[in-house]
Amino acid sequence: MQQNDPNITLISPEAPVAVNTHGGRAKCLQRLVRLDLPVPATVALSFVAVHQIAAGEVPDMAAMAVAFEDGQLLCVRPSSEDPDWGGPGAILNIGMNAARHQALADEIGNEAATRLYLKFIQSYSTHVARLDPDIFDDINPREEGALEDYLAAYEDEAEEPFPQDRDVQLAGVLKSMARAWEGTTARLLRQAKGAPADAGLGLVIQALALGVGNGESGSGVLQLVNSDSGYPQITGRYMSQSQGRDALQTGAEALYLQADERGPSLEEHAPELFAKLKEYAAVMRAKLREEMEMEFTLEDGVIHILDGVRVARTARAAVRIAVSLAQDGIIPVQEAVMRIEPRALNELLHRQVDPDAERDMIGDGIGASPGAATGKIVFTAAEAQASAARGEACILVRRETNPEDIRGMHAANAALTERGGMTSHAAVIARGLGLPCVVGATSLKFRTSKKQLVAQDGRVFHEGDVITVDGTNGQVLAGEPLMMEAALDESFQTLMGWADESRDIGVRANADTPADARTALVFQAEGIGLARTEHMFFEADQLIAMREVIFADDPEGRSVALQALLPMQREMFVELFEIMDGRPVCIRLFDPPLHEFLPTDRAGLRDLAEALNLSLSTVTRRVEELGEYNPMLGMRGVRLGITVPEILDMQARAIFEAMLDAAGDGEPVVSEIMIPLVSAKREVELVKTRIDAVAAAVRTERGRDFEYRLGVMVETPRAALRAEDIAQHCEFFSFGTNDLTQMTYGLSRDDAGRFMSPYVQQGVFPEDPFHTLDQEGVGELLKLGAERGRLARPDLTLSVCGEHGGSPESIAFCRTIGMDYVSCSPFRVPVARLAAAQLAIRDKIE
Ligand code: PEP
Ligand code: MG
């Protein structure tokens with residue numbers, strides 16, 4: 001046969017077969033042929049040939065037939081470019097007809113021959129002639145005369161006899177498979193999996209290894225690793241007198257491969273064949289540089305290898321497999337790093353719902369923080385704390401969360417909110433805590449005042465009912481499905497170590513508390529890129545002191561109240577410095593509007609009046625005075641630093657004293673202090689003057705010298721535009737892409753969840769810009785800010801500390817504009833490290 005016809009070619013070591021012209025299966029078979037493995041004769045049809053067949057061209061049957069002996073039974077399998085894109089099922093036993101049936105009956109017995117013929121008639125009539133599958137329902141295939149009845153039923157329905165000519169049968173099979181691929185449903189299905197609209201299908205026609213007959217005959221599949229764990233384990237089944245993947249059907253009387261307590265095995269039944277199969281699988285692993293599932297058939301004791309497919313695997317198995325291939329010298333270390341999809345690490349970092357578990361979904365929303373947790377529903381932060389105190393797992397269900405809920409979130413095992421998007425309060429806090437979280441779950445009704453959660457199907461859940469929040473895919477489930485534990489094992493650590501060797505952009509963590517900092521270290525962040533100091537103030541003892549600050553009548557009164565906060569802040573900073581042990585810690589000055597610290601209900605106001613020894617009416621009036629129409633654009637960030645500078649004085653002092661305390665007799669770290677929400681150069685000048693004064697005072701009081709670096713959070717568009725001015729007064733910029741996205745779009749980060757879905761579905765935004773950095777708009781401001789900042793100060797350190805810092809696409813962008821590091825929630829640090837390493841490796845390869 002023609003070896004140089006790329007459209008219909010016998011698969012030989014030299015044949016012109018490629019994945020993008022003939023599909024992955026054809027290419028893999030060629031690799032097996034090159035390895036001298038016992039692959040039956042196989043012809044590959046290219047995408048072009050199959051497309052022509054679908055369009056009605058008669059295939060060149062003669063060209064195909066020369067590869068096979070007369071009367072040889074055949075099978076046809078699909079070969080798409082990516083196995084995940086699916087394709088029509090294989091059709092076996094092509095070529096069965098009266099004569100072949102007779103010959104086979106003489107060879108392997110009438111019963112076995114009839115079984116093959118019946119199987120073929122059935123699949124031909126369904127897939128090729130497109131007859132109703134139930135036309136054979138009344139015929140018992142094991143009874144005498146079944147074959148005649150099958151043929152009669154076919155003829156009756158198709159109005160022609162069952163074709164006897166192998167070429168006619170094969171042409172029919174090829175046409176039906178080609179057309180099935182081009183059908184609308186199949187196209188939509190594969191496009192949903194990322195296939196291009198014009199993805200091609202190749203087909204492979206293979207001489208059929210019977211699997212039925214005398215001697216040891218049968219079929220099976222074998223792989224060398226466990227698909228869930230990735231650990232070495234010979235896995236698969238074999239069944240005597242069977243074909244294809246029959247052995248894998250549940251209830252099939254299949255043998256284990258390796259000797260197994262649970263039942264008989266091929267190893268005991270045919271030890272030499274088993275040993276040979278293992279040997280072939282090891283060759284495939286070493287030479288195809290991948291864990292493969294081998295499909296094999298035994299024919300009278302002779303092994304045929306029909307196919308090799310990449311072993312299906314969970315994310316944790318993928319990591320172990322990649323690492324062990326590299327450790328065995330089969331692939332280079334950098335290739336192992338490239339083989340793992342960074343986001344897939346989430347599956348290792350958190351508990352997950354077992355992929356095989358049944359899911360009783362009651363609603364869904366935006367998966368804002370990955371992982372899954374089960375617990376009893378609670379509707380308030382206080383109940384969450386009470387529940388945690390009783391040792392009971394709970395899920396905090398709120399319409400939305402606010403800073404007062406933080407302690408509840410710490411206590412809860414997961415959070416679920418009706419409102420919000422990827423950067424709403426609940427989402428940001430949950431990611432920081434590594435807490436599974438679903439936000440914007442508008443498919444559920446939150447009747448929180450009645451303590452009810454109503455499912456989309458009408459079921460009502462009450463306080464104490466058990467639900468599961470799956471933050472990986474945004475689902476809310478009733479009850480407790482089977483879970484899979486996190487897996488930060490040795491392979492994970494090894495892979496991450498290799499990733500760090502290639503990485504050329506730094507990765508720090510956003511960490512506000514000692515617990516966060518410890519998590520950041522577990523994930524090997526290089527430092528803290530953002531410590532949001534205000535979160536500390538929500539601890540019970542600090543909250544009261546903070547309220548006293550807010551209620552002080554004048555700067556002196558405020559300073560007195562702040563004296564109470566100073567030691568608490570200092571202790572917290574000492575802990576952060578100690579935990580980070582010399583690594584950089586970037587502390588952001590107070591950011592949120594003051595009124596966030598005030599009670600919102602009457603009982604809270606009364607408690608506050610009591611604590612401050614003021615009248616309820618005074619407290620209520622003061623709270624009202626502090627109210628703003630638009631607090632996120634109001635008196636917050638550096639604006640507080642300018643108008644209520646005593647707070648920043650106290651924070652600067654706490655930082656400097658903590659640096660010295662943490663250093664003991666050693667060299668103090670160079671701390672980094674960052675000013676939020678800057679929009680004008682003068683703001684930085686004013687703040688710098690005050691901080692310098694505090695530094696000078698502390699130096700004098702302590703009699704010790706120390707350094708600090710001042711930085712600006714670039715999170716207003718004006719700060720990016722005026723970066724050249726602003727950079728003159730600071731040493732680093734950290735882009736706060738959460739606020740910068742909010743302000744660039746004029747889109748509230750707390751409300752965007754409500755309309756983000758229709759906006760993305762209708763293509764207004766390609767993605768949620770709070771989730772994936774908008775490179776065109778917000779990105780342009782980053783680029784501009786970076787360029788202008790470095791004009792004024794070429795050694796300006798640049799970073800991103802918004803939530804985008806943990807997203808692989810955003811890291812790619814940050815790297816191209818010359819950022820020094822990204823900073824993200826601790827649980828996203830490994831994803832960022834791996835994504836950054838892959839970018840560097842890709843650059844080196846290309
Ligand atoms: C930001 O705005 O991107 C940021 C990191 O700060 P926060 O989320 O605290 O406003
Ligand atoms: Mg911000």
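This is a predicted model: local features need pLDDT of at least 70, side-chain atom pairs count only at pLDDT 80 or more; totals for chains, interfaces and linings use all residues.
Residues are numbered from 1 along each chain as its sequence is written, chains are lettered from A and ligands numbered from 1 in the order in which they are written, and side-chain values use heavy atoms, with hydrogens and water left out.

An unreviewed UniProt entry places the feature "domain: PEP-utilising enzyme C-terminal" at residues 490–839. UniProt positions follow the numbering used here, feature names are shortened, and annotations may be inferred rather than shown by experiment. The span 490–839 is 55% helix and 11% strand, and its end C-alpha atoms lie 24 Å apart. Helices (H or I, at least four residues) and strands (E, at least two) are DSSP runs, numbered from the N terminus.

The metal site comes next. E715 (OE) and D739 (OD) coordinate the magnesium ion (ligand 2) at 2.1 Å. The two residues are 24 residues apart and link distant parts of the chain: E715 sits in the loop between β28 (708–714) and α27 (717–721), and D739 in helix α29 (residues 737–745). Donors are N, O and S atoms within 2.8 Å of the metal (3.2 Å for Na, K and Ca); water is not among the atoms, so sites may look incomplete. E715 is buried, at a relative accessible area of 1%, and D739 is also buried, at 3%. Buried means under 20% relative accessible area, exposed over 50%, and partly exposed in between (1.4 Å probe, protein chains only).

The unreviewed UniProt entry also carries the annotation "binding site", which covers R532, R588, E715, G736, T737, N738 and D739. From this set, R532 is part of the lining of the largest cavity. R532 lies in strand β25 and is buried, with a relative accessible area of 10%.

Pockets and cavities are found on a 1 Å grid over the protein atoms alone: a cavity is a set of points where a 1.4 Å probe fits but cannot get out, a pocket is an open set with protein on both sides within 12 Å along at least five of seven lines, and lining residues have an atom within 4 Å of a point. Grid points are joined across faces, edges and corners, and a volume is the space filled by probe spheres set on the points.

The second largest pocket has a volume of about 1100 Å³. Its lining has 50 residues, and P403, H425, E596, M632 and D750 lie nearest its centre. Because domain 3 (351–484) and domain 4 (495–593 + 628–845) both give residues to this lining, the second largest pocket lies between them. At least two lining residues come from each of α17 (425–433), β25 (528–532) and α29. By class, the lining has 19 nonpolar, 17 polar and 14 charged residues, where Ala, Val, Leu, Ile, Met, Phe, Trp, Tyr, Cys and Pro count as nonpolar, Asp, Glu, Lys and Arg as charged, and the others, Gly among them, as polar.

There are four cavities of 30 Å³ or more. The largest cavity holds about 190 Å³ of space. Its lining consists of 16 residues, with I429, G432, D512, D516 and H535 closest to its centre. Domain 3 (351–484) and domain 4 (495–593 + 628–845) each give at least three residues to this lining. Helix α17 supplies the largest share, four residues, and the classes are five nonpolar, six polar and five charged. D516 is in helix α19 (residues 514–522) and is buried, at 8% relative accessible area. The C-alpha atoms of D516 and E534, 18 residues apart along the chain, are separated by 15 Å.

The second largest cavity contains about 90 Å³ of space. Among its 13 lining residues, L589, F590, G637, G641 and L648 lie nearest its centre. Helices α24 (638–643) and α25 (645–663) are the elements that give two or more residues to this lining. Its classes are ten nonpolar, three polar and no charged residues.

Conventions. Domain bounds come from an automatic or database domain assignment.
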